[in-house]
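Subject: Structure for you to look at

Hello,

Here is the structure I said I would pass on. Please open it next to this message and follow along as you read.

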Amino acid sequence: YATIVEARRKVAAGYRELLTGAPGLNLTQTAPDRASADLRFPVILADKSRRARILAQGKQYGISGMYPDTVRSISALGPNLIKSPEAPVARLVADQLVTLPTHFAITQVDIERISRFLMAATA
């Protein structure tokens with residue numbers, strides 16, 4: 001287990017190194033003393049109009065959207081949810097989130113290839 005977690009952290013660190021400051025991409029922040037071992041590396045796109053194309057073309061790189069919509073939009077859950085106005089942050093995440101793979105088979109070459117694709121797609 002520790003090996004898998006460490007591999008995910010290294011992949012995430014590779015993405016963070018290459019994508020920090022890239023135009024059109026917003027990375028989540030983690031506390032310096034808390035290394036993340038996310039199952040996927042989340043990126044919020046600055047321009048939601050590019051998301052569909054990135055997801056279609058990025059599928060070959062393992063890029064996915066994770067959430068098709070907000071929880072509030074799932075009608076079957078409606079009776080179990082507190083009635084409240086739409087949550088703007090949840091809407092933003094549903095509209096603009098893409099996630100990058102972090103599994104142990106991702107190599108440095110993969111990290112660079114995926115990062116290059118994402119930066120070119122948002123340029």
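On helix α4, the exposed residues Arg116 and Ala120 sit on the face turned away from the buried side. Please keep in mind that this is a predicted model.

Helix α4

The buried residues of this helix are Ile111, Ile114, Ser115, Phe117, Leu118, Ala121 and Thr122. Looking down the axis of α4, you will find these buried residues within an arc of 160 degrees, so they line one face of the helix. They pack against α1 (2-19), β1 (25-27), β2, α2 and β3. The length of α4 can be checked too: the helix has 15 residues (108-122), and at 1.5 Å a residue these should span 21 Å. The C-alpha atoms at its ends are 21 Å apart, which agrees.

The core

Which residues have the most contacts inside the largest nonpolar core? They are Tyr15, Leu19, Phe41, Val43, Ile54, Leu100 and Leu118, in a core of 20 residues. At least two residues of this core come from each of α1, β1, β2, β3 and α4. The largest share is that of α4, with five residues.

Leaving aside neighbours within four places in sequence, Leu19 is in contact with Leu25, Leu27, Phe41, Leu100, Ser115, Leu118 and Met119.

Aromatic pairs

There are two aromatic pairs. In one of them, the ring centres of Tyr15 and Phe41 are 5.3 Å apart and the planes are at 40 degrees, so the pair is tilted. This pair links distant parts of the chain, with Tyr15 in helix α1 and Phe41 in strand β2, 26 residues apart. Tyr15 and Phe41 are both buried.

Tyr61 and Phe117 also form a tilted pair, with 5.0 Å from centre to centre and 35 degrees between the planes. Here too distant parts of the chain are linked: Tyr61 is in the loop between α2 and α3, Phe117 is in helix α4, and 56 residues separate them. Are these two residues buried or partly exposed? Tyr61 has a relative accessible area of 22% and is partly exposed, whereas Phe117, at 13%, is buried.

In helix α3 (residues 88-96), Ala94, Asp95 and Gln96 are buried. The buried residues of α3 pack against β2 (40-45), α2 (51-58) and β3 (97-101).

Side chains of opposite charge can pair when their charged atoms come close. The structure holds four salt bridges. One of them joins the side chains of Asp95 and Lys48, at 3.7 Å from N to O. That pair links distant parts of the chain, because Asp95 lies in helix α3 and Lys48 in the loop between β2 and α2, 47 residues apart. Lys48 counts as partly exposed, at 49% relative accessibility.

Asp95 also forms a salt bridge with Arg91, where the closest N and O atoms are 2.9 Å apart. Both residues lie in helix α3, four residues apart, about one turn of the helix. Arg91 counts as partly exposed, with 25% relative accessibility.

Asp110 and Arg113 are three residues apart, so about one helical turn separates them. At 37% relative accessibility, Arg113 counts as partly exposed. As for the other bridges described here, shared partners join Lys48, Arg91 and Asp95 into one network.

Regards

Note on methods
Residues are numbered from 1 along each chain as its sequence is written. This is a predicted model: local features need pLDDT of at least 70, side-chain atom pairs count only at pLDDT 80 or more; totals for chains, interfaces and linings use all residues. Side-chain values use heavy atoms; hydrogens and water are left out. Buried means under 20% relative accessible area, exposed over 50%, partly exposed in between (1.4 Å probe, protein chains only). Contact means heavy atoms within 4.5 Å. The expected span of a helix is 1.5 Å times one less than its number of residues. The arc is that of the directions from the helix axis to the C-beta atoms. A nonpolar core is a set of buried Ala, Val, Leu, Ile, Met, Phe, Trp, Tyr and Cys residues joined through side-chain atoms within 4.5 Å. Rings of Phe, Tyr and Trp (its six-membered ring) pair if their centres lie within 6.5 Å; planes under 30 degrees apart count as stacked, over 60 as edge-to-face and the rest as tilted.
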